[in-house]
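Notebook open, model loaded. I'm jotting down what I look up as I go, one spot at a time.

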Amino acid sequence: MTDARPAAVLFDMDGTLVDSEKLWTISLSDYATHRGGELSIATREAMVGSNMSTSMRMLLADLDLVADAGAVAEAADWVEARSTELFRQGLPWRPGAREALAGVRSLGIPAALVTSTIRSLAEIALDTLGRDSFDVTVCGDEVDGRNKPDPEPYLRAARLLDVDPRRCVAVEDSPTGVAAAVAAGCTVVAVPCEVPLEPGERRVLLESLDELDVRSLGSLLPGALA
Ligand SMILES: [Mg+2]
């Protein structure tokens, strides 16, 4: 008999729990305007799920600007300041996210926040999400540069929780994040927000977290009884 519960549920943040990708689009577009350019839709979509420095390199390249270390740091500071203003104005929940998080908590399943966003901004989002919603939180500036799609953020969360990542369910909205979680060995509940997601190994695609039954999460894991 397979344990009906996952060892933990590992939640992405932007676009998965809160509808913050739209706020990122504003701050990134504002930076492009500030530099006299315009952010392309293709580059914006390619950035979703990436960490700050990777996103800034994409942004500067999109604007035909120099993307050396100094320029990346300057752009990151500007975008962080603008995003901080926007995050402080309030972060809307994604549909069903609040209920999914509460459901995992009520079942006593360990939970982690695994975000590419830096700690200072994630802390603002945690005012909405609730710090007691998670046993551990892993941010984009805490993974030694090994950001999603590298599996390290998910592996780090599993290590901190002392659980086997292959017994964990990750919840993601971006191709970059899904790739990271699958590479870590997790099973993924994939709920698209800004960018479409493709079917593939060890993932279940849902239209919305409203469709998620947290009591049956364990049935998604490899080897679970139907
Ligand atoms: Mg995301």
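**Entry 1: Val9**

I started at Val9, which sits in strand E1 (residues 8-11). A caveat for everything below: this is a predicted model. Is Val9 buried or exposed? I count 25 C-beta neighbours inside 10 Å, and 20 or more is the cut-off, so Val9 goes down as buried. Next I asked which residues Val9 is in contact with, leaving aside neighbours within four places in sequence. My list reads Val104, Ile109, Ala111, Val169, Val171 and Leu217.

**Entry 2: the whole chain**

I zoomed out. The tally is 8 helices and 6 strands. Reading from the N terminus, I get the order β-α-α-α-α-α-β-α-β-α-β-α-β-β. For 226 residues a compact globule would have a radius of gyration near 17 Å, and the protein has 17 Å, so the two agree. Along the principal axes, the C-alpha atoms fill a box of roughly 60 × 30 × 30 Å. I noted that 46% of the 226 residues count as buried. For contacts with a separation of 6 or more, I found that 64% come from residues 24 or more positions apart.

**Entry 3: two domains**

The domain assignment gives me domain 1 (8-19 + 92-220) and domain 2 (21-88). Their centres, taken over C-alpha atoms, are 23 Å apart. How many residues touch across the boundary? I get 18 residues of domain 1 in contact with 15 residues of domain 2. On the domain 1 side, H6 and helix H8 (175-183) each supply at least two of the touching residues. By class, that side of domain 1 has 7 nonpolar, 7 polar and 4 charged residues.

**Entry 4: helix H4**

Which residues of H4 are buried? They are Ala75, Val79, Ser83 and Phe87. Seen down the axis of H4, these buried residues fall within an arc of 100°, so they line one face of the helix. The general rule I keep in mind here is that an α-helix has 3.6 residues a turn, so residues three or four places apart point the same way.

What covers the buried residues of H4? Helix H1 (21-34), helix H3 (52-62) and helix H6 (119-129) are among the elements that do. On the other side of H4, I find Gly70, Asp77, Ala81, Glu85 and Arg88 exposed. H4 is followed by Gly90, with a positive phi near 120°.

**Entry 5: helix H7**

Over to helix H7 (152-161). Here 7 of the 10 residues are buried, so I call H7 largely enclosed by the rest of the structure. The buried ones are Glu152, Pro153, Tyr154, Leu155, Arg156, Ala157 and Ala158. Their cover includes E1, strand E2 (111-114), E3, strand E4 (168-172) and H8. That brings me back to E1, the strand that holds Val9. Just after H7, Asp162 takes a positive phi of about 60°.

My last pass was over the backbone angles. As a reminder to myself, most residues other than glycine have a negative phi, and most peptide bonds are trans.

- Lys148 and Pro149 are joined by a cis peptide bond, with omega about 15°. I place Pro149 in the loop between strand E3 (136-138) and H7.
- Asp64 has a positive phi near 60° in a residue other than glycine. Asp64 lies in the loop between H3 and H4, and with 9 C-beta neighbours inside 10 Å it counts as exposed.
- Arg202 also isn't glycine, and its phi is positive, near 45°. I find Arg202 in the loop between strand E5 (187-190) and strand E6 (203-205), where 18 other C-beta atoms within 10 Å make it partly exposed.

Note on methods
Residues are numbered from 1 along each chain as its sequence is written. This is a predicted model: local features need pLDDT of at least 70, side-chain atom pairs count only at pLDDT 80 or more; totals for chains, interfaces and linings use all residues. A residue is buried if 20 or more other C-beta atoms lie within 10 Å of its own, exposed if 12 or fewer, and partly exposed in between; C-beta atoms are placed from the backbone. Helices (H or I, at least four residues) and strands (E, at least two) are DSSP runs, numbered from the N terminus. The arc is that of the directions from the helix axis to the C-beta atoms. Two residues are in contact if their C-beta atoms, placed from the backbone, lie within 7 Å. Domain bounds come from an automatic or database domain assignment. Ala, Val, Leu, Ile, Met, Phe, Trp, Tyr, Cys and Pro count as nonpolar, Asp, Glu, Lys and Arg as charged, and the others, Gly among them, as polar. The radius of gyration is taken over C-alpha atoms; the globule rule is 2.2 Å times the number of residues to the power 0.38.
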